[in-house]
Amino acid sequence: MDKAGLSADESCQDGRTAKTGAPVGWEPMGTALVTYSKGDFDATLSVIREDGDVARFAAKFFFRDYWALDEIERSALDMCSGRVLELGAGVGGSALYLQRKGLEVVALDCSPDCVALMKKRGVIRAVVGDAFRYEERGFDTVLSLMNGAGLFGTMAAFEDYLSRLDALLNPGGKFIFDSYDLRKVADPRERAYQAYLTGQGRYFGEYLTRLEFSGRCGEPYRTLHLDPDTLLAAVAGHGLVCRCYPRDYCGRYLAVVSRKETP
Ligand SMILES: C[S@@+](CC[C@H](N)C(=O)[O-])C[C@H]1O[C@@H](n2cnc3c(N)ncnc32)[C@H](O)[C@@H]1O
């Protein structure tokens, strides 16, 4: 594979630096978003996968407001309640909407550029931090959007986060995120890449990618696409329950994880 010069060597283990465990690879996104905010409205970010596939995202997309969100994202925001912790909050579009509704939001992002933009845009509590290490508790909702499972990188990291949910969430609290059922994607190139990952003994949703903006590449990192069956098995193993809301044509869906209600 490795047509894109990508390998998960010891300097990058599943999206985290081997030394500090901090997330890696997101700097080009921060740079692209700052560039857009300074007036380069054509700024475009590339996501390069290890098999050479390239997806391009207009930086403008990250600045979408509630009305430009799709149905899945709008439903996710409508389900938020109480104190909200948003993981990978980007430039804060969701956080601003929830704040305006009167909810208290901690908008967490590992990118200092994103957090600076959130503050500039009026997010009251925008925090630079790593979702895996953020210790504050007492949330009614944990939210993660735009393939919100993606920032976990691997099934192992996702399961680790599930084991921390009990401490993070208040009684009745929920963890809301979107992801993709890649089994619904018919594109032969995607299928071939998934088969390659399975052949490597990895879960087929753990893509190895890196970001590129304006000729500068970030470190490789893994991004997780979690199918609902694997998700349901994982949450059950942690004594949690999960509802998955309808998948769109490409298998995208919304997940709401919560504690099992005691009778
Ligand atoms: C795909 S973007 C989504 C941004 C935003 N949620 C949206 O819908 O526009 C993922 C975001 O997660 C952030 N991120 C990635 N890993 C993270 C981590 N471990 N902790 C906190 N933020 C992280 C990145 O900096 C990036 O802003």
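**Ground rules.** I number residues from 1 along each chain as its sequence is written. Because the model is predicted, local features need pLDDT of at least 70 and side-chain atom pairs count only at pLDDT 80 or more, while totals for chains, interfaces and linings use all residues.

**Helix α2.** I took helices (H or I, at least four residues) and strands (E, at least two) as DSSP runs, numbered from the N terminus. In α2, residues 71–79, I found Glu 73, Ala 76 and Leu 77 buried, which means that 20 or more other C-beta atoms, placed from the backbone, lie within 10 Å of a residue's own, whereas exposed means 12 or fewer and partly exposed lies in between. Seen down the axis, the buried residues of α2 fall within an arc of 95 degrees (taken from the directions from the helix axis to the C-beta atoms), so they line one face of the helix. On the face turned away from that buried side I noted the exposed residues Glu 71 and Asp 78.

**The sheet.** I traced 7 strands in an open sheet of mixed pairing, in the order β7-β6-β5-β8-β9-β14-β13, where two strands pair if DSSP finds at least two bridges between them. The edge strands, β7 (126–128) and β13 (240–245), each pair on one side only. I then looked at β9 and β14, which run antiparallel and are joined by 7 bridges; Ile 176 stands opposite Val 256 in β14.

**The ligand.** I listed 20 residues around the ligand, the closest being Gly 88, Gly 90, Ser 111, Ala 131 and Met 146, with a residue counted if its C-beta atom, placed from the backbone, lies within 6 Å.
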